[in-house]
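Dear colleague,

I am passing on the structure we talked about, and I would be grateful if you could read the notes below with it open beside you.

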Amino acid sequence: MYCTPVQLADAGLVRELAECATPKRFAVVADELFEATLRGEDRSSFDSAEVLIADEALTHVLSALSDATGVIDGYLSLRKPVAYPLPLAPVPGIVVTWARWIARYLLNQDRVGTQEQTDPVVRDYKQAIRFLELTRDGKFSLGASDPLAPASSGSPAVSGPERVFTHETLRDFVQ
């Protein structure tokens, strides 16, 4: 996966993820428990039933991260003229961000009462897709390890017919 649960926790998304990933039949997992779950830390001080709910919520988060990776790979595999070798290794930072944005969108699809025009989750998702489309079309680079040569590298290629007038053919006209 291009984004990990730890990176989601580092991005300050613990509360949001707990709210959208906890199965609807349970109360939302406590922030402290869910952060420990995302980070793979010790949870022995928490109630075992709550830990099981947190594990189920983590399963939803991992599924969304896996789906986000699939979306990204789908775009990058169509890269023109040279597809990226997948999976990406190392993962460029921008790809981690895109994976986070896509996963958040996938986890938040059931929200109601939000306006698509003002919703930051939708905005970020659309921006990730737009950049993936640009990358797919060869108009956006993922950085130094990009298999395409930068547009400004090398000298310009010039082609055309042979010269008609050369120093030799004009020798009779030079005084």
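This is a predicted model: local features need pLDDT of at least 70, side-chain atom pairs count only at pLDDT 80 or more; totals for chains, interfaces and linings use all residues.

Residues are numbered from 1 along each chain as its sequence is written, and side-chain values use heavy atoms, with hydrogens and water left out.

I begin with the salt bridges, each being a side-chain nitrogen of Lys or Arg within 4 Å of a carboxyl oxygen of Asp or Glu. By this rule the model has 10 of them. In one, glutamate 19 pairs with arginine 15, with 3.2 Å between the closest N and O atoms; the two residues are four apart in helix 2 (residues 14–21), and are therefore separated by about one helical turn. Helices here are DSSP runs of H or I with at least four residues, numbered from the N terminus. Glutamate 19 is partly exposed at 44% relative accessible area, and arginine 15 is also partly exposed, at 36%, where buried means under 20%, exposed over 50% and partly exposed in between (1.4 Å probe, protein chains only).

A second salt bridge joins the side chains of glutamate 16 and arginine 104 at 2.8 Å, N to O. Because glutamate 16 lies in helix 2 and arginine 104 in helix 5, this pair ties together parts that are 88 residues apart in sequence. Arginine 104 is buried, with a relative accessibility of 14%. Through shared partners, salt bridges join Glu16, Arg104, Arg123 and Asp124 into one network.

Aspartate 119 sits in the loop between helix 5 (93–107) and helix 6, and is buried, with 6% relative accessible area. The side chain of aspartate 119 reaches the backbone nitrogen of valine 121 at 2.9 Å.

At the surface, Val164, Phe165, Leu170 and Phe173 form a nonpolar patch with about 470 Å² of accessible area together. Such patches take residues with over 30% relative accessible area and no salt bridge, nonpolar side chains (Val, Leu, Ile, Met, Phe, Trp, Tyr) being joined within 5 Å and like charges within 9 Å; the areas come from the Shrake-Rupley method with a 1.4 Å probe, and for residues only the protein chains shown count as cover. Phenylalanine 165, in the segment after helix 6 (120–136), is exposed at 55% relative accessible area.

Methods. A polar contact is a pair of N or O atoms within 3.5 Å; within protein, one must be able to donate a hydrogen and the other to accept it, and residues adjacent in sequence count only if both atoms are side-chain atoms.
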